Amino acid sequence: MGVELDKPESPEIFRILDKDGELVNEEPDIDEDRLKEMYWWMFYARKADEKALKLQRQGRMGTFAPIEGQEAAQIGASMAMEDKDWLVPAFRELGAYLLRGIPLERNYEYFMGDVRGNKIPKGVNNFPIAVPVATQIPHAVGIAWGIKRNEDDGVVLCIFGDGATSEGDFHEGLNFGGVLNVPAVFFCQNNQWAISVPFEKQTASDTIAQKAHAYGFPGIYVDGNDVLAVHEATKTALERARNGEGPTLIEALTYRLSMHTTADDPTRYRTEEELKEWEEKDPLKRFRIYLSDKGIWTEDWQQELEKKAKEKIDEAVEAAESIEEHSVEEMFEHMFDELPKDLKEQMEYLKRSLEEKEIEEEKVEIKEGFP
Amino acid sequence: MTEVNMVGAINDALHNEMEDDEDVMVLGEDVAENEGVFRVTEGLLDKFGEKRVRDTPLAESGIVGVSIGLALYGMKPVAEIQFMGFMWPAVDQLSSHASRYRNRSLGQYNVPMVLRSPYGGGVKALEHHSESFESVLAHIPGLKVVIPSTPKDAKGLLISSIRDPDPVVFLEPKKLYRAFKQEIPDGSYTEEIGKANVVKEGEDITLVGWGAMIPKIVKAADHVADEGVSVEVIDLRTIYPYDEETVHESVRKTGRLIVVQEAPRTLGFASEIVARAVDKEMLSLKSPPLRATGFDVPFPLYKMEDWAIPDVDRIVKKIREAIEW
């Protein structure tokens with residue numbers, strides 16, 4: 001008897017619209033208003049992201065992680081969620097953030113270096129941005145465990161990137177999730193680049209989706225630039241979670257059309273051709289063609305959306321830039337429920353030193369890239 | 001009143017809080033079925049069931065990360081890391097999230113979790129089972145670090161830690177787990193976090209320590225009493241927040257200070273205590289504040305562990321050095 005080597009099978013990609021907006025699968029039953037809403041959020045997210053890049057280049061915003069090209073993944077996923085569900089994000093999810101009810105100015109404030117940008121409006125079940133890669137995945141499992149334990153309504157959607165799947169917290173989080181059989185969906189936006197490291201140097205696995213099998217739950221491999229497919233895939237996974245069937249890992253294959261962050265120069269490590277190829281797979285373009293073919297998208301409507309987006313973005317910039325100055329207290333007062341004596345002393349010392357300041361140093365200016 | 005050792009006292013605190021508060025959960029490696037490798041979680045699974053007492057996969061970062069999620073959702077997880085030497089993978093979660101969540105969300109979210117861990121040497125344990133890096137945790141803004149040295153304090157401080165709305169790392173000196181018994185009150189009582197205890201009053205010199213160093217300091221104090229030196233002994237009980245007032249009040253009285261710590265010397269919490277005393281009590285000091293500490297070497301395998309930990313002899317010599325300065 002010979003030894004048989006196990007060969008993991010990579011899943012087929014799930015797609016509804018091809019890159020030219022043609023239906024290649026059964027058309028989902030989504031009403032016109034909802035389709036329009038989907039398009040609006042994708043469009044609004046892209047415009048808000050474009051504006052942020054301008055602000056950064058003008059020295060009005062710090063380093064941030066653009067989302068261009070990943071709108072379908074984020075909007076498709078978050079649109080499948082219900083209000084009672086919980087979103088546990090990483091840091092490249094502006095689209096999902098906006099759709100879930102975080103005002104745009106919060107996001108701008110955060111990347112303008114203002115901690116008040118982390119504030120989540122009451123009643124919005126979102127957690128703040130998590131910068132250290134993959135560290136939010138175990139949190140999502142804990143939140144989902146809490147929901148399960150209390151027999152509460154709602155499930156958890158946790159978003160992370162392809163780089164995160166190399167981290168220990170990805171493994172630990174998914175392993176816990178499988179063992180505890182919690183109502184969580186692990187949603188990977190595989191944009192194929194972790195800064196300059198391409199997918200094939202990140203893992204020897206054909207797909208991320210197939211990693212789910214090792215944790216004892218299913219994976220879904222979906223075209224992340226196809227908003228309809230992402231929406232259907234996420235809906236299915238959320239439904240499983242809601243029915244107590246446990247976690248699902250979704251890999252949404254997408255592409256970061258822009259830079260890792262505004263401090264990054266992707267021309268150093270990837271080719272024009274590759275970028276061109278993915279620009280043709282643009283998620284907004286293909287969805288627009290589909291909506292246009294259905295008679296939903298029109299030039300007039302597009303003009304309306306442009307106007308509406310511009311107004312909202314201008315308002316958000318205005319709000320973020322006119323936020324009142326921080327007080328010294330804000331740096332200290334939320335360290336603990338009750339401030340220990342030595343922290344009070346440190347706070348008083350800082351206040352005094354600012355009041356009595358004699359020597360001003362040169363301010364650091366925001367520039368492209370890291371210094 | 002019941003007479004118990006430290007393991008019994010901690011177990012009692014866990015039973016007490018789990019009975020009082022439905023949201024308290026216990027999780028970690030071997031804490032349920034096996035009732036903890038030191039039997040600290042005895043009887044919990046039987047009484048409260050798997051919904052609240054849960055064996056987890058062997059993954060320290062996962063244990064702490066999942067606990068943070070539970071705490072964010074409103075639970076009160078009491079997680080265990082089996083030995084402090086294995087806590088390092090979880091330090092990322094502690095420093096990147098548990099300690100920062102309240103601050104970075106401007107008070108919108110808090111993380112009411114407790115991370116328990118047996119720590120320190122002196123029990124002839126295997127390599128990596130005797131570490132004490134409480135100073136590293138105290139250096140992370142936003143964490144409370146509590147270390148009891150008696151059964152009575154262990155129960156009262158653990159109850160306070162579980163009720164605390166912020167993350168507390170609760171370090172249990174395993175050398176003292178079964179070292180002695182003490183009468184402790186039945187039912188609920190709390191000891192204040194951030195409040196040191198003057199174990200023994202004295203006039204000539206202040207000795208500050210925590211955890212398994214306290215019995216050694218008391219022995220050293222008894223020893224030099226025969227030489228006519230009166231030692232005040234302070235058990236810090238909490239590393240952070242640091243009870244500077246109690247220590248400085250004592251230093252103002254005695255004019256001399258020695259800090260005893262099991263951990264390596266460089267940048268240990270003893271250094272902070274000495275720096276603060278110098279900052280604020282320079283004119284009260286009759287001699288330089290000294291430290292009796294471990295060495296800047298990895299905690300050795302057990303044939304050399306008695307050299308690594310400050311002993312009564314080294315503490316006595318430090319006392320004489322300060323007195324004779």
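**Close-up 1. Strand β11 of chain B is enclosed in this predicted model.** β11(B) spans residues 231-235. Five of its five residues are buried, so the strand is largely enclosed by the rest of the structure. In a regular strand the side chains alternate between the two faces of the sheet. Here both faces are covered. B:V231, B:V233 and B:D235 are buried on one side. B:E232 and B:I234 are buried on the other.

**Close-up 2. β11(B) pairs with β9(B) and with β10(B).** Strand β9 of chain B covers residues 197-200. It runs antiparallel to β11(B), and three bridges join the two. B:V198 stands opposite B:I234. Strand β10 of chain B covers residues 205-209. It runs parallel to β11(B), and five bridges join this pair. B:T206 stands opposite B:E232.

**Close-up 3. A right-handed β-α-β unit of chain B contains β13, α10 and β14.** Strand β13 of chain B takes in residues 257-261, and strand β14 of chain B takes in residues 290-293. The two pair in the parallel sense over four bridges. B:V260 stands opposite B:A292 in β14(B). Helix α10 of chain B, residues 269-281, is the helix of the unit.

**Close-up 4. Chain B is assigned two domains, which touch each other.** Domain 1 of chain B runs over residues 2-184, domain 2 over residues 197-324. Their centres, taken over C-alpha atoms, are separated by 26 Å. The contact takes 26 residues from domain 1 of chain B and 21 residues from domain 2 of chain B. Which elements give two or more residues to the domain 1 side? They are α6 (134-138), β6 (144-146), α7 (151-163) and β7 (168-173) of chain B. By class, the domain 1 side has twelve nonpolar, seven polar and seven charged residues.

**Close-up 5. Chains A and B meet at a contact with 36 residues from chain B and 32 residues from chain A.** On the chain B side, α3 (60-72), α4 (88-98) and α5 (101-104) each supply at least two residues. The largest share comes from α3(B), with nine residues. The chain B side holds 14 nonpolar, 16 polar and six charged residues.

**Close-up 6. A:N118 sits in a loop of chain A and touches residues of chain B.** The loop lies between α4 (104-111) and α5 (136-150) of chain A. Is A:N118 buried or exposed? A:N118 counts as buried because 21 C-beta neighbours lie inside 10 Å, where the cut-off is 20 or more. Beyond residues up to four places away in sequence, A:N118 touches A:Y110 and A:P128 in chain A. In chain B it touches B:R104, B:S105 and B:L106. A:P183 is 65 residues from A:N118 in sequence, and 25 Å from A:N118 in space, C-alpha to C-alpha.

**Close-up 7. Helix α4 of chain A is largely enclosed by the rest of the structure.** Eight of the eight residues of α4(A) are buried. They are A:L104, A:E105, A:R106, A:N107, A:Y108, A:E109, A:Y110 and A:F111. What covers them includes α1 (32-57), α3 (94-99) and α11 (299-321) of chain A. Just after α4(A), A:G113 takes a positive phi of about 80 degrees.

**Close-up 8. Chain A holds an open sheet of five strands with parallel pairing.** The order is β1-β2-β3-β7-β6. β1 (86-88) and β6 (219-223) of chain A stand at the edges. Each has a single partner strand, so one side of each is left without a neighbour in the sheet. The twist averages 20 degrees from one strand to the next. Within the sheet, β3(A) (residues 184-190) and β7(A) (residues 248-253) pair in the parallel sense over six bridges. The bridge partner of A:F187 is A:I250 in β7(A).

**Close-up 9. Chain A is assigned two domains.** Domain 1 of chain A covers residues 32-321, and domain 2 covers residues 327-357. The centres of these domains, taken over C-alpha atoms, are separated by 36 Å.

How values were computed:
Residues numbered from 1 in each chain as written. Chains lettered and ligands numbered in written order. Predicted model: local features only at pLDDT ≥ 70, side-chain atom pairs only at ≥ 80, totals over all residues. Pairing = 2+ DSSP bridges. Axes fitted to C-alpha atoms, helices over the stretch in contact; angles between N-to-C directions. Contact = placed C-beta atoms within 7 Å. Nonpolar A, V, L, I, M, F, W, Y, C, P; charged D, E, K, R; others polar. Right-handed = clockwise from strand over helix to strand, strands pointing away. Domains from an automatic or database assignment. Buried ≥ 20, exposed ≤ 12 C-beta atoms within 10 Å, placed from the backbone.
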